[in-house]
Amino acid sequence: MARRSSERPTTRRAPSAWPTTGLSYGGDYNPEQWAPEVWREDVRLMREAGVNIVTLGVFSWGLLEPRQGEYDWGWFDEVIGLLHDSGIAIDLATPTAAPPSWLLHEHPEILPVDADGVREQPGGRLGWCASSPVFREHALRITTALAERYGDHPAVRLWHVSNELGGGNARCYCEVTAARFREWLRAEYGTVEAVNAAWGTAFWGHTFTDLDHIEPPRREQHKVNPGLFLDFERFSSDELLGHYLAEAAVLRAHSEAPVTTNFMVGSGRHVVDYSDWARHVDVVANDHYTIVNDPVREQDLAFAADRMRGLTADRTPWLLMEHSTGAPSWQQRNRAKAPGEILRNALAHVARGSDGAMFFQWRASTAGAEQFHSAMLPHAGTESRVWREIVQLGDALRRLRGVAGSPVEPAKVALLVDEESAWALQQGLKPHRALRYTRETRLWHRVFWQRQVLVDVLPVDADLDGYDLVVLPTLFVVSDAQAARIEAFVRDGGTALVTYLSGVVDGTGRVRGGGYPGAFRDLLGITTEEFRPLQEGETVRLSDGGEVTDWTEDTNLHGAEAVVAYADGNSAGRAAVARHAVGEGAAWYVAAQLPLGSAERIADRLIDELGLPRAVEASSGIEAVRRRTPDGDVLFLVNHSDADETVAVSGQSLLDDASFDGKAVVPAGGVVVLREGAAE
Ligand code: GAL
Ligand code: ZN
């Protein structure tokens with residue numbers, strides 16, 4: 001099926017300049033909460049901390065346009081002037097994440113409707129339906145007014161479209177959206193017959209006689225036709241992207257500054273198709289928050305950062321738009337960061353290609369929904385550990401300004417992530433409804449992260465030239481063309497590692513017959529005749545000593561050789577992991593949900609056989625990444641363990657005056673950044 005993403009040309013503009021000189025440091029600034037005297041203290045303290053950019057205006061619509069068409073720019077002019085006079089750049093947000101109360105009052109029809117048909121209430125965020133022409137008109141009016149007024153302002157160095165599009169309005173099931181969905185289907189398929197054929201609607205007697213009879217998948221989503229479900233997800237992502245593009249077009253017509261919007265790449269749900277969206281932002285930007293019950297939260301951070309780099313053009317710098325100085329307030333038990341963790345987290349993002357580290361938010365709110373969210377300037381004020389660490393981080397980023405603009409060293413491992421597979425795997429009457437897509441993507445990233453092997457997390461259609469290994473974790477939805485590209489990669493000498501439930505359905509969500517893993521059967525030299533999901537508490541032993549939970553398969557070898565076999569249970573004796581030599585390369589299949597130890601053994605063998613480069617040889621607590629600057633390589637060493645670690649390196653510390661002659665001690669929980677070379 002023709003994928004709509006490939007049909008829409010990129011609108012990305014090469015940014016004429018990065019918004020700041022050196023690395024970007026700052027956060028969301030919401031001055032409307034404070035009196036003007038406080039703004040003066042804010043800019044003074046921003047300078048003290050080394051802040052060089054703030055995101056302004058995210059929630060300001062209601063105050064900038066208190067009544068339709070009546071603008072109040074005075075206070076905003078003053079804030080912008082203060083920032084500009086202090087040399088602080090502005091990432092100016094269109095305020096459309098926060099529709100004003102008068103708009104929601106006059107047009108409640110713009111509020112999204114949930115799958116049960118209940119309309120949202122005012123009082124939250126992103127309370128608008130992306131298909132609403134009424135909302136679009138108002139949003140573009142305030143965007144135009146803002147762009148006309150500040151489009152040429154020298155302090156405006158970046159545009160920030162709305163905020164976390166889809167975070168709050170990811171899906172809408174209203175009648176306006178339903179009509180737009182039908183238009184989308186008409187454009188995609190042409191006729192109702194083509195829709196019926198693609199979705200296989202003959203089953204359960206769901207054949208449509210008219211495109212206008214098609215409804216969004218409301219309620220009981222697990223019983224919805226998988227093709228309908230997948231297309232509604234694609235449509236919803238496109239619809240939100242359409243909103244971004246409409247605002248971006250207005251901004252670009254009035255300003256030369258680059259345009260971005262903040263993505264939400266992390267361990268949460270896949271809200272929209274960022275593989276597609278990334279082609280339309282001038283600066284790829286992310287908001288990342290560590291999750292308290294994630295046992296390896298620093299790896300989630302690294303995974304998200306590696307994905308952001310994978311979404312840039314040619315692995316160029318991206319921007320960490322938001323993270324936190326401590327506890328957020330939207331989790332169950334909000335965790336404060338440990339001493340030193342602010343620096344460790346921020347520099348891990350920078351190591352992986354972020355040209356800056358920004359936070360939500362500058363000054364902690366005393367009122368409003370997020371009054372207990374941490375900030376750069378906490379409730380306690382400057383007499384606090386957080387403030388001291390914020391000043392220290394500002395100093396560190398200034399010392400590291402030489403890495404700005406430089407690429408991260410090229411990775412030899414690519415890991416493919418696909419929103420469509422994530423959506424499809426977690427919907428409907430599937431063999432095992434508790435499987436989590438991110439469990440597999442994280443597992444295969446983790447085993448390399450712990451071994452200091454850099455992984456680029458890429459969209460499925462990304463160029464694979466230059467990589468030695470490509471990992472496809474549960475890549476459920478695969479088109480023929482995508483499968484052919486992986487096969488060509490292997491024939492040319494690459495190695496592919498494909499895990500269970502990959503290649504099972506085509507782009508319309510239809511199962512490929514003839515044995516799983518359908519699209520990759522020939523490449524892998526193996527077929528699965530039956531899936532064998534495990535019950536809660538059930539385990540199966542493996543020949544390598546590991547124990548499988550959740551997922552096993554009845555495999556048959558057709559040219560591949562077993563690497564690990566099932567040692568007991570109903571699949572005993574069959575291959576759980578197999579390797580197939582193909583052309584110049586090899587294709588591995590993992591038919592089981594492996595425990596960490598088994599995945600680590602495979603990673604060790606691949607590192608060894610393929611000679612995959614480790615940034616340094618160190619224990620698993622050390623994260624290590626290089627950036628390539630014109631003045632030589634800069635090596636970041638982050639110690640996640642609670643013991644000091646010694647690493648064999650030489651060079652000059654960039655964070656202080658130390659030099660290293662053959663070894664560096666990275667203190668427990670600490671960070672060392674050095675320019676490599678002979679010690680001075
Ligand atoms: C982000 C959002 C911010 C703030 C933050 C709190 O998702 O963009 O505005 O709410 O969460 O963690
Ligand atoms: Zn709607």
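The structure is a predicted model, in which local features need pLDDT of at least 70 and side-chain atom pairs count only at pLDDT 80 or more, while totals for chains, interfaces and linings use all residues. Residues are numbered from 1 along each chain as its sequence is written, chains are lettered from A and ligands numbered from 1 in the order in which they are written, and side-chain values use heavy atoms, with hydrogens and water left out.

Two packed helices are described by the angle between their axes and the distance between the axes. Here, axes are lines fitted to C-alpha atoms, for helices over the stretch in contact, with angles running from 0 to 180 degrees between N-to-C directions; helices (H or I, at least four residues) and strands (E, at least two) are DSSP runs numbered from the N terminus. Helix H6 (residues 133-150) and helix H9 (residues 226-254) have axes that come within 9 Å and cross at roughly 25°, and H6 and H9 are therefore roughly parallel to each other. For helix H2 (residues 36-49) and helix H4 (residues 74-85), the axes come within 10 Å, again with a crossing at roughly 25°, so H2 and H4 are also roughly parallel to each other. The axes of H4 and H6 come within 13 Å and cross at roughly 45°, which makes H4 oblique to H6.

Oxygen atoms of ligand 1 lie 2.7 Å from an N or O atom in the side chain of Arg125, 2.8 Å from one in the side chain of Glu322 and 2.7 Å from one in the side chain of His373. Taken alone, ligand 1 exposes 310 Å², of which the protein buries 93% (accessible areas from the Shrake-Rupley method with a 1.4 Å probe).

Most residues other than glycine have a negative phi, and most peptide bonds are trans. Gln452, not a glycine, has a positive phi of about 60°.

Conventions: Polar contact = N/O pair within 3.5 Å; in protein donor to acceptor, adjacent residues only side chain to side chain. Parallel < 35°, antiparallel > 145°, perpendicular 65-115°, else oblique.
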